[in-house]
Amino acid sequence: MIVSDAINFSVGGMTCAACSARIEKILNRLEGVKATVNLASERVQILLDGSAPPVNTIIDAVRKAGFTVDGNSLILSLSGMTCAVCATRIEKILNRLPAARATVNFATEQAHIEFVPGVIEPENFVAAIEKAGYGAHPLQEEKPESLRTKREELWRKERNHFLLTAFFAVPFLIQMISMFFSHAGMMPGWIQLLLATPVQFFCGGRFYKQAWNALRGGAANMDVLIVLGTSIAYFFSAVVVLFQLNQPLYFEASVSIITLISLGKLMEMRARRQTGAGLESLLQLQPQMAHVESNGAISDRPVADVSVGDIFLVRPGETVPVDGTVLDGTSEVDEAMLTGESVPVLKQKADQVFGGTMNANGLLRVKATGVGANTTLAHIVKMVEQAQGSKASVQRLADKVSGIFVPAIILVAATTFLVGWAITGSATWSLVSAVSVLVIACPCSLGLATPTAIMVGTGLGARAGILFRNADALEQAQKLTTLIVDKTGTLTKGKPTVSDVIPAVGIEQDALLSVASTLEAGSEHPLARAIVDYAVAKGIKSQSVNSFKAIPGKGVTGQIDGVSAFLGSPLFLKDNGFLQTDSINSDLEQNGKTVVGVGKGEQFLGFIALSDTLRPDAVSTIQALKKAGISVIMLTGDNERTARVVAQQVGIDDYIAGVLPANKADTVKKYRATGQCVGMVGDGINDAPALAAADVSFAIAGADIARDTADIILMKNDLTSVLDAISLSHATLSKIRQNLFFAFIYNILGVPLAAFGLLSPIVAGAAMAMSSVSVVSNALLLNSWKPHPRP
């Protein structure tokens, strides 16, 4: 075997030597591959010869065998892109590289890349992009001040470039105005040549440079169209002047086109920077300094230098610098930046506070628990960035069109010239029409149509406490036909309290509560916490428990003083041989209460009933969803009688009771199999599989795993946020459709008009310059969206 290359990468999912042997066997079957798998380091080392398949084929073989190939993510900041064709070109280049999957966003000027380290490294991506004639560097976390400074610097540079271009263009403008009245104002040809030359090659020099980079990389972009159109007009006119031919001059056309395009770029930059305002406003929330306590003294320290475990003070009116736990003090904290909720939240000892929230009126002494990239604010910013950098499926058509757009326009322009000359016999008329075709065509508006709306929409969502994980989540929410909601913690507040304690005959209430609180002492389930809190309030202490075991959806068991004890649903108690008083149990459940039974040894100890109040907005939200044509289905692990009461209270017609956590995902899949677009709303760990199985899932300020699994995270702890997310999805997709319509209809109408000589090059240049501005401006109108009023 003559080795031509070697790669190595990490593999997950190997549990024993048989797994590593299986991977080796699979890979070594491939021609030209010699693989060695190390189980201890979980790495695969591969030698390749000239006959080996592509690296992506090798990696896919590992994945198809049921193992994972560990990958990294990378965000590159791009420069030099001038239109959607550039973004499409870079994306193709990156996706041709081995073990890489890339998405390039023209609006954010970023490339989001997933790759397998050991096969390819970040510097390979940068080199490939630079070879294609563009610039790239890893995205750095920057402070809002530096971002603003950089943006203002680019703005000044673009403004100065336009002013210089306009200075040379003013005489041509005066000439064009005078032409409406007489030809007396026509400048001599040599003066027009002197004025037009710096515009063409200095002010318009960047178009030549960018067009050359694109052609060198094997593609054609908007700059190629601009260079072709203006160069034809300029050089035709220059030949007429130098050789004193009896032909009209078109210097004003080339100068006007470059000037108008420069104006359009300036206006586009101004509009586009507003699309990222939502993200920048989040970045501005975190303060720069923290009052850190050290050896009894307080000193101001940069937030970047605060570490986990540091103790800091937050004074009235100040912003919390990082996430932490309150050690001392009581205050109200405005958490609107996280939840969109304007009502301050009371914070006292042991409560969590979050970086970027505003302390209202008290002094808090806090221990840092999350700093830097591990704060809640940093996670939100990262999620918004990822959503803004992702692509919605609706963008794919625009990407396909952009990929063939420029070559098609060049073909149309050439056809216009040849056919026009053949029909009219006028090379001049045909040349002007061809220039108009080249100039009016604009792939930029196609490239900006979707990402600008997504940037505005996700920014609005973040300010309203709605975090979309990606563009597909934003797109899918408005397609929902069926919404499945969990009961506890979603329709209800998720904070049940003990309402009834009913001991069995001959059993003391304290004995019943003692066994119950002992079994539930180690659980974080809301029902368990309610029982323990109730027992503590009664002065009943928990005992020690051994051999504790939780049976999901049923109950718990353990050994107390060497005797087996059970707590769980009445059916669970029945299955374990305990007698039940069904009439009492039924009466409690008929009132919508959750009932658990308790047994020890062979003796049934009694029932404990718990009630959970509905969320204030549950009824109004369900009514609004049904009015919007969305079927609502309630899932619960409770028995049928309790489920029926809650469903009737909130106005839900369809409900499924007695569903174990493991079966929730199966229920979601069953509805999806009927062709419906199914959403799932949950808040707990046991909802995570169902959230993952849904077409689009919502997590209401619940467990971390639920938030990590859900497509949409609702930071505001209410059900109305589901309506807000669906409403914002509708509004954003409406803007995307409008933008795509404008972009397509602009080119569909403009190019034929130019081809038939009905548009002059100057008018075509103005129309092209304004097309992108109109698309971005239309996306900004999305800022008028408002969340639903709260009950």
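Ile748, Leu749, Leu753, Phe756 and Leu758 make up a nonpolar surface patch with about 550 Å² of accessible area together (Shrake-Rupley method, 1.4 Å probe, only the protein chains shown count as cover). Patch members have over 30% relative accessible area and no salt bridge, and nonpolar side chains are joined within 5 Å; a salt bridge is a side-chain nitrogen of Lys or Arg within 4 Å of a carboxyl oxygen of Asp or Glu.

This is a predicted model, where local features need pLDDT of at least 70, side-chain atom pairs count only at pLDDT 80 or more, and totals for chains, interfaces and linings use all residues. Residues are numbered from 1 along each chain as its sequence is written, and side-chain values use heavy atoms, without hydrogens and water.

**Exercise 1.** Find the helix that holds isoleucine 748, and decide whether isoleucine 748 is buried or exposed.

*Solution.* Start with the helix: isoleucine 748 sits in H27, residues 720-755 (a DSSP run of H or I, at least four residues). Next, take its relative accessible area, 52%, which makes isoleucine 748 exposed (exposed is over 50%, buried under 20%).

**Exercise 2.** Which strands pair with E5?

*Solution.* First, E5 (residues 72-79) pairs antiparallel with E7 (residues 110-115) over 6 bridges; pairing needs at least two DSSP bridges. Here leucine 74 is opposite isoleucine 113. Then E8 (residues 135-138) joins E5 through 4 bridges, also antiparallel, with serine 77 opposite histidine 137.

**Exercise 3.** Which residues does phenylalanine 125 contact beyond four places in sequence?

*Solution.* Using heavy atoms within 4.5 Å, the list is Leu74, Leu76, Leu94, Leu97, Ala100, Ile113, Phe115 and Ile120.

Note on methods: Patches are made of residues with over 30% relative accessible area and no salt bridge: like charges are joined within 9 Å, nonpolar side chains (Val, Leu, Ile, Met, Phe, Trp, Tyr) within 5 Å. Helices (H or I, at least four residues) and strands (E, at least two) are DSSP runs, numbered from the N terminus. Buried means under 20% relative accessible area, exposed over 50%, partly exposed in between (1.4 Å probe, protein chains only).
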